Amino acid sequence: MTSPSGGSDNRGSASEPQSLVCARCGTRANAPQPTWTCSVENGTRHYICDTCSRKNLRAIEGRLDSAWW
């Protein structure tokens, strides 16, 4: 995964835990989850929980260029 050019991945100090919220259902997580999907849309990072990712897998795959298959 890469960050948009000129963007920063810093979201506060390292001592502050980052709370993630699923962009589709609102599920909260206290720390980054390895099974969640991260999407950058229009320069904004969106996180999708594993349940929503599974439910919408075909739509996610449909947006990928054929080179990713």
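I started with S39 and placed it in strand β3, which covers residues 37–41. I kept in mind that this is a predicted model.

Is S39 buried or exposed? I get 19% relative accessibility, so S39 counts as buried, the cut-off being under 20%.

Next I checked what the side chain of S39 does. It makes a polar contact with the side chain of E41, at 2.9 Å. Leaving out residues up to four places away in sequence, I find S39 touching T44, R45 and H46.

**Cysteines**

How many disulfides does a search of the whole structure find? I got zero. C22 is in none, and its nearest cysteine sulfur belongs to C25, 3.7 Å away.

C22 is buried, at 4% relative accessible area. C38 comes out partly exposed, at 25%.

**Whole chain**

I then stepped back to the fold. I count four strands and two helices, and from the N terminus the order is β-β-β-β-α-α.

The protein has 69 residues, and 16% of them are buried. For accessible surface I noted about 5700 Å², with 48% of that belonging to carbon and sulfur atoms.

Last, I looked at contacts with a separation of 6 or more: 33% of them are between residues 24 or more positions apart.

Notes. Residues are numbered from 1 along each chain as its sequence is written. This is a predicted model: local features need pLDDT of at least 70, side-chain atom pairs count only at pLDDT 80 or more; totals for chains, interfaces and linings use all residues. Side-chain values use heavy atoms; hydrogens and water are left out. Buried means under 20% relative accessible area, exposed over 50%, partly exposed in between (1.4 Å probe, protein chains only). Contact means heavy atoms within 4.5 Å. Accessible areas come from the Shrake-Rupley method with a 1.4 Å probe; for residues, only the protein chains shown count as cover. A disulfide is a pair of cysteine sulfur atoms within 2.5 Å. A polar contact is a pair of N or O atoms within 3.5 Å; within protein, one must be able to donate a hydrogen and the other to accept it, and residues adjacent in sequence count only if both atoms are side-chain atoms.
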